[in-house]
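Okay, thanks for coming, everyone.

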Amino acid sequence: MRCPNCGSLDDKVLESRTMAQGESIRRRRACNSCGYRFTSYERIEEKPFMVVKRDKRRQPFDRAKLEKGIGRALEKRPVSMATMENLLNDIEDKAIMKGHSNREISTEDLGNLVLEALYEVDKVAYIRFASVYRHFEDLDEFINEVNKLGGTK
């Protein structure tokens, strides 16, 4: 650590304290060259979790955007807010686990996680989300997706 007084790189740590519930460390230091005492702070710098778009652009994962899409699919459906919150938490956890090694997930993988979760919760919401996510072009695609569901209730 460079001394702010003389610029020397030779210092010693006098005291270390954990701050902010373990999120950072405060260190009191003394320069061995000039004796000046100063404080440094240390914290982990995390890379943000990214979503890789179809055109290969990357943008930070946005839970609010995910919530908006799922909320639209579940609009006027008999699904409680608690269920929706659990759904969001589950999808976010699975997305982070899937993209753990490189801290990113493709929109395709994220969309499939949403579809899997909605399929378990509400078939109408599943169809609504699928129609937008898979860009249904005509009624036949919509009907085919409904037929895949079969007569499940």
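So, Phe49: buried or exposed? Phe49 is buried, at 8% relative accessible area, where buried means under 20%, exposed over 50% and partly exposed in between, with a 1.4 Å probe and protein chains only.

Quick caveats. This is a predicted model, where local features need pLDDT of at least 70, side-chain atom pairs count only at pLDDT 80 or more, and totals for chains, interfaces and linings use all residues. Residues are numbered from 1 along each chain as its sequence is written, and side-chain values use heavy atoms, leaving out hydrogens and water.

Now the rings. Searching the whole structure turns up 3 aromatic pairs; rings of Phe, Tyr and Trp (its six-membered ring) pair if their centres lie within 6.5 Å, with planes under 30 degrees apart stacked, over 60 edge-to-face and the rest tilted. One of them is Phe49 with Phe61, edge-to-face, 5.9 Å centre to centre and 70° between the planes. Phe61 is buried too, at 16%.

Then there's Tyr119 and Tyr126, with centres 5.3 Å apart and planes at 80°, so that's edge-to-face. Tyr126 is buried at 8%, while Tyr119 is partly exposed at 29%. Lys123 lies over the face of Tyr119, 4.3 Å from the ring centre; the cut-off there is NZ of Lys or CZ of Arg within 6 Å of the centre and within 35 degrees of the ring normal.

Last one: Arg29. Arg29 counts as buried, at 11% relative accessibility.
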